[in-house]
Amino acid sequence: MESLQLLLYGFEIALQPHNLLWAFLGVLLGTAVGILPGIGPALTVALLLPVTYGLEPVSAFIMFAGIYYGGMYGGSTTSILLNTPGESGSIITAIEGNKMARSGRASAALATAALGSFVAGTLGTIALTFVAPALADLALVFGPAEYFALIVLGFTTIASVLGKTPTRGMLSLFFGLGLGLVGIDLQTGQARFTLGLPQLLDGFHVVVVAVGLFAVGETLFLATRPQGLREIIRISGWTWMSREDLARSWKPWLRGTLLGFPIGGLPTGGTEIPTFLSYAIERRLSRHPEEFGHGAIEGVAGPEAANNAAAAGVLVPLLTLGLPTSATAAILLAAFQQFNLQPGPLIFTSNPELIWGLIASLYIGNFMLLLLNLPLAPLWARLLMIPAPLLYGGILVFATLGTYSLNNSVFDVGMMYLIGIVGFCMRCTDIPVAPAVIGMILGPMAEQQFRRTLAISQGDMSIFVDRPVSASLLGLAACVLIAVPLAGFIKRCRLTAPR
Amino acid sequence: MQQDKSVDKMELGIASGAILLGLFILFDSLGIKLGSGYDRIGPRFFPYVVASGLLISGALMLVEILRSSVVRHEAESLNKTSFVILLSGLVSCLILLKPAGFIVAATVQFWLIARAFSNANPLRDAIIAALLSISVYFIFTSGLGLVLPRGILTGLI
């Protein structure tokens with residue numbers, strides 16, 4: 001198999017001592033930052049972006065691989081011990097895992113999360129190894145019409161799945177699309193919506209928007225809430241689980257992986273759907289359904305595995321099509337662009353050492369994370385003890401540093417703060433911020449592909465339905481648009497129906 | 001009930017903000033020059049789509065807010081003092097970053113933001129703020145090659 005040879009080549013690169021060191025540093029920093037309450041994987045990657053500026057691209061991406069997976073591991077520890085999910089993918093872990101921890105089973109919850117993440121992460125990475133090159137070949141025949149249809153499909157699912165109501169997800173998405181409009185129009189070369197400010201000619205950087213929405217918005221939100229004491233569950237010693245726990249965990253791990261990778265890998269992406277699905281399935285299949293909601297180990301094992309497998313899956317459209325389908329992936333894309341690299345089908349042939357080094361280090365990073373997390377969990381948990389004033393003071397200093405160092409511009413920092421205030425209002429009103437981040441990245445791509453398509457067809461809109469791939473993708477998008485409000489309507493009818 | 005209203009006000013604000021943003025994009029689009037004849041879909045088309053999206057979702061959210069009769073289960077009150085202190089932490093950093101340098105700006109920002117959360121240990125927080133800012137400065141400039149403003153400490157570091 002060609003993939004295997006290329007993977008071996010990747011390992012050759014990733015196992016070089018200095019690259020191993022970067023991978024280790026990546027998982028270490030990723031776990032440490034990801035564990036901090038209120039910091040999800042997206043913010044972890046965004047805050048650690050400046051650390052890699054001085055590195056050569058291959059080492060930088062090996063480090064990113066570690067940060068990405070490390071942030072996921074760290075997030076699950078926080079969810080279990082503190083019940084503060086850093087992102088929507090670990091909401092379930094927070095529900096079920098925290099209940100387990102409260103009833104004295106923190107160690108088993110952490111162990112099943114870590115082992116499940118390892119199993120799912122490794123299987124997901126194996127799948128990525130073989131699916132990505134195949135999809136990259138396929139993607140070479142994709143024209144602008146297909147790209148546009150893919151992005152539209154992504155928009156519909158992202159907006160309708162996230163958030164309390166589809167309206168709020170949609171509002172967030174269009175806000176992001178609006179931010180994405182700012183800057184020079186690539187086709188005609190004129191400035192749009194820059195308010196005459198030269199600093200806005202290049203548009204908003206995704207890090208400015210993501211750090212503002214996630215870090216500043218969250219800090220403002222927490223600072224203005226009543227300061228209750230957070231209950232942290234203490235643990236000591238190695239985290240491990242009993243034979244019985246293992247027996248109850250391994251099937252959910254595998255099922256979670258099977259759900260997570262394909263759904264995460266779809267252009268509609270995301271980690272929410274697979275974790276929720278996995279929870280529902282485990283609940284149905286479990287021999288202890290009564291434990292669900294009170295700390296069932298299957299309810300941690302399955303969703304955690306699904307979350308990590310989906311994280312590997314998200315890398316498929318990112319690497320092969322250049323399409324980010326989660327907020328974290330949008331920031332990873334920005335990281336590529338920072339090094340003047342454009343992920344997509346061509347990068348597999350133009351920068352094989354980078355892509356395969358990155359994929360190989362995903363395996364290595366996953367293994368390192370297992371070693372770091374099982375014995376050292378109590379040590380990591382101590383990071384949760386950092387008092388809130390110091391924690392958020394530190395987060396904002398790093399947010400400022402990261403934003404400033406993008407272009408050495410105070411203007412960017414100001415914009416980041418402004419967007420943060422918007423993020424605060426969104427947080428207060430239950431509007432999800434992730435669609436805004438994804439929208440501002442995908443919006444300009446969608447516009448460009450749309451206009452390119454119509455330039456090719458000389459203005460004939462029927463090109464989108466004449467091409468089978470784009471027609472079916474757009475058809476799917478229409479289905480999502482109709483199905484989600486319909487499902488909500490049916491649910492409401494059932495709730496209000498007379499009993 | 002008082003607090004419920006304040007959250008509702010914010011929801012109304014967000015919804016009308018989206019509508020205003022949509023209107024702004026709509027009107028500002030009129031100033032965009034249309035491209036040549038080859039460009040069938042001009043540079044105004046997408047802004048129109050985004051503007052209508054904002055107008056529609058803003059309007060839908062307004063309807064949602066006005067129609068919802070659900071009483072919020074969690075009465076949350078905004079701590080205005082914390083909000084103002086935190087904002088001052090942000091603004092002071094913007095003002096200080098270039099003239100006073102990263103170390104001073106970050107120390108002030110860290111300290112002010114800590115104040116927004118708790119006023120318990122001002123001295124401890126100040127010491128930690130300074131130590132963190134100094135070590136971050138040196139790790140990122142000497143260690144990782146970033147350029148951060150030196151400001152008033154130019155001669156010293």
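This is a predicted model: local features need pLDDT of at least 70, side-chain atom pairs count only at pLDDT 80 or more; totals for chains, interfaces and linings use all residues.
Entry 1, the interface between chains A and B. I looked up the contacts between the two chains and found that 57 residues of chain B touch 55 residues of chain A. On the chain B side, I noted that helix 1 (2-29), helix 2 (45-67), helix 3 (80-100), helix 4 (102-117) and helix 5 (122-143) each supply at least two residues. Helix 2 of chain B gives the largest share of that side, with 10 residues. I then sorted the chain B residues that touch chain A by class, which gave 37 nonpolar, 11 polar and nine charged.

I checked helix 5 (residues 91-139) against helix 14 (residues 352-381) of chain A, and their axes come within 10 Å and cross at roughly 175°. Because angles over 145 degrees count as roughly antiparallel, I recorded helix 5 of chain A as roughly antiparallel to helix 14 of chain A. Where the two meet, helix 5 of chain A contributes residues including Leu110(A), Phe118(A), Gly121(A) and Leu128(A), while helix 14 of chain A contributes, among others, Ile359(A), Tyr363(A), Asn366(A) and Leu370(A). By class, I have 11 nonpolar and six polar residues in this contact, and no charged ones.

I compared the length of helix 10 (residues 272-285) of chain A with expectation: at 1.5 Å a residue, its 14 residues should span 20 Å, and the end C-alpha atoms are 20 Å apart, so the two agree. I also listed the buried residues of helix 10 of chain A, which are Glu272(A), Ile273(A), Pro274(A), Thr275(A), Ser278(A), Tyr279(A) and Glu282(A).

Terms used
Residues are numbered from 1 along each chain as its sequence is written. Chains are lettered from A and ligands numbered from 1 in the order in which they are written. Two residues are in contact if their C-beta atoms, placed from the backbone, lie within 7 Å. Helices (H or I, at least four residues) and strands (E, at least two) are DSSP runs, numbered from the N terminus. Ala, Val, Leu, Ile, Met, Phe, Trp, Tyr, Cys and Pro count as nonpolar, Asp, Glu, Lys and Arg as charged, and the others, Gly among them, as polar. Axes are lines fitted to C-alpha atoms, for helices over the stretch in contact, and angles run from 0 to 180 degrees between N-to-C directions. Angles under 35 degrees count as roughly parallel, over 145 as roughly antiparallel, 65 to 115 as roughly perpendicular and the rest as oblique. The expected span of a helix is 1.5 Å times one less than its number of residues. A residue is buried if 20 or more other C-beta atoms lie within 10 Å of its own, exposed if 12 or fewer, and partly exposed in between; C-beta atoms are placed from the backbone.
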